[in-house]
Amino acid sequence: MKQACKLPDVINLNTDGAEALSKAGFLMDLETAAPGIGDGLIPDLYKESAVPGTAGHQILPWYGSANVLTYDTALFKAAGLDPARPAASSSPPWQILPRA
């Protein structure tokens with residue numbers, strides 16, 4: 001690996017940036033450099049942080065979060081929606097937005 005300057009050991013990247021750097025060969029395979037590095041992490045979170053189409057594991061999950069949606073049941077009812085049966089996914093609620 002050639003290096004032109006001193007770079008940090010750890011950087012916080014968004015998913016797109018990490019994928020691009022990994023696919024371009026700028027990130028090392030952490031499983032080769034530090035065997036067992038993912039052992040203490042949540043298995044599914046570690047598995048999902050692998051870059052598709054690359055060998056090894058170049059990215060460690062820095063943090064994870066869940067998407068949570070809260071809504072006002074009175075507004076649901078006023079829009080003619082059943083608050084006991086909210087949308088099961090983020091698509092296709094766009095079809096009901098004009099009523100909300």
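Helices (H or I, at least four residues) and strands (E, at least two) were taken as DSSP runs, numbered from the N terminus. By this rule the chain has 4 helices and 0 strands. Read along the sequence, the pattern is α-α-α-α. The model is predicted: local features need pLDDT of at least 70, side-chain atom pairs count only at pLDDT 80 or more, and totals for chains, interfaces and linings use all residues. Residues are numbered from 1 along each chain as its sequence is written, and side-chain values use heavy atoms, with hydrogens and water left out.

Burial was assigned from relative accessible area: buried means under 20%, exposed over 50%, and partly exposed in between (1.4 Å probe, protein chains only). Buried residues make up 15% of the 100 residues in the chain. Accessible areas come from the Shrake-Rupley method with a 1.4 Å probe; for residues, only the protein chains shown count as cover. The chain exposes about 8,400 Å². Carbon and sulfur atoms supply 58% of this area. Contacts were defined as heavy atoms within 4.5 Å. Among contacts between residues at least 6 apart in sequence, 43% join residues at least 24 apart.

The loop between α3 (43-48) and α4 holds His57. This histidine is buried, with a relative accessible area of 4%. Its side chain makes a polar contact of 2.9 Å with the side chain of Ser49. A polar contact is a pair of N or O atoms within 3.5 Å; within protein, one must be able to donate a hydrogen and the other to accept it, and residues adjacent in sequence count only if both atoms are side-chain atoms. The His57 side chain also reaches the backbone oxygen of Ile59, at 3.2 Å. Leaving aside neighbours within four places in sequence, His57 is in contact with Met28, Asp29, Leu30, Glu31, Tyr46, Lys47, Ser49 and Ala50.

Ser49 lies in the loop between α3 and α4. Ser49 is buried, at a relative accessible area of 14%. Beyond its neighbours within four places in sequence, Ser49 is in contact with His57, Ile59 and Pro61.

Trp62 is also placed in the loop between α3 and α4. Trp62 is exposed, with a relative accessible area of 57%. Together with Val10 and Tyr63, Trp62 makes a nonpolar surface patch of about 400 Å². Patches are made of residues with over 30% relative accessible area and no salt bridge; like charges are joined within 9 Å, and nonpolar side chains (Val, Leu, Ile, Met, Phe, Trp, Tyr) within 5 Å.

Ring geometry was examined next. A pair of aromatic rings is described by the distance of the centres and the angle of the planes. Rings of Phe, Tyr and Trp (its six-membered ring) pair if their centres lie within 6.5 Å; planes under 30 degrees apart count as stacked, over 60 as edge-to-face and the rest as tilted. The count comes to 1 aromatic pair. The rings of Tyr71 and Phe76 have centres 4.3 Å apart and planes at 25°, so the pair is stacked. Tyr71 is partly exposed, with a relative accessible area of 32%. Phe76 is buried, at 18%.

Pro83 lies in the segment after α4 (73-78). Its relative accessible area is 17%, so Pro83 counts as buried. Asp82 is found in the segment after α4. Asp82 is partly exposed, at 40% relative accessibility. The Asp82 side chain reaches the backbone nitrogen of Ala84 at 2.9 Å.

Charged pairs were then considered. Side chains of opposite charge can pair when their charged atoms come close. A salt bridge requires a side-chain nitrogen of Lys or Arg within 4 Å of a carboxyl oxygen of Asp or Glu. The structure holds 1 salt bridge. The side chains of Lys23 and Glu19 meet in it (3.7 Å, N to O). These residues are 4 apart in helix α1 (residues 15-23), so about one helical turn separates Lys23 from Glu19. Lys23 is exposed, at 52% relative accessibility. Glu19 is partly exposed, with a relative accessible area of 25%.
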